[in-house]
Amino acid sequence: SSAPDTSSVPDTSSAPDTSSVPDTSSAADIPAASNNTPLAGDSIIRNSILKSSMAVNDGYYNLAVRLGGKLRVMDVAGGSLADEANIQVYDGNGTDAQKFYLRNTGDNSYVIRNIRSDKVLDITRGVAENGTNIQQYSYEGLSDQRWFLEPSGDGYAIVTRVSMLWGIPEMVLDVAGGSTSNGANVQLYQA
């Protein structure tokens, strides 16, 4: 999943090992309602201004986006367990394909792990460019699998750590074309 342009970037943070995040299969394992609220703004999305990242408690979340008055959540396509499975938005259906464990790595960046597949959100080929696909992949500890949560509207923008390391314009998770359809692709886009 990593391209040479980001795989050679040393990860100098003292991030704890996240490989032991529990794989739960029932909603009963999700912490209290305060940790069950969606992370959302008017979109996941654009127009956040980079500030120091705001801390969010480690825990289980549905990552939601409001598009054209419709609420959608991030979802692993087909509930796949495979590396390189696509991340999309879909109506909330309560499945584990839509539940993610956020873990602060110690520098206020987060690893976002799907609890069904035990894979993390990953930038395809590690390339931080407009339109780059977001997929799930086995945890490797690289910057293309770490994210900052920046206040935006009534929620958060999810910003790639690669932006911070390379000093490139802030790249955030985005729904392709602002689509309101189930199955719409999640990609990177410059805020």
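Predicted model: local features only at pLDDT ≥ 70, side-chain atom pairs only at ≥ 80, totals over all residues.
A residue is taken as buried when its relative accessible area is under 20%, as exposed when that area is over 50%, and as partly exposed in between, using a 1.4 Å probe and protein chains only. Residues are numbered from 1 along each chain as its sequence is written, and side-chain values use heavy atoms, with hydrogens and water left out.

As for the fold, the protein chain has two helices and twelve strands; these are DSSP runs (helices: H or I, at least four residues; strands: E, at least two), numbered from the N terminus. Read from the N terminus on, the order is α-β-β-β-β-β-β-β-β-β-β-α-β-β. With contact meaning heavy atoms within 4.5 Å, 62% of the contacts between residues at least 6 apart in sequence join residues at least 24 apart. The accessible surface of the chain comes to about 7900 Å² (Shrake-Rupley method, 1.4 Å probe), and carbon and sulfur atoms account for 48% of that surface.

Now for the backbone. Most residues other than glycine have a negative phi. Glu84, not a glycine, has a positive phi near 70 degrees. Glu84 sits in the loop between strand 3 (70–76) and strand 4 (87–90), and is exposed, with a relative accessible area of 53%. Arg125, also not a glycine, has a positive phi of about 60 degrees; its place is the loop between strand 7 (120–123) and strand 8 (134–137).
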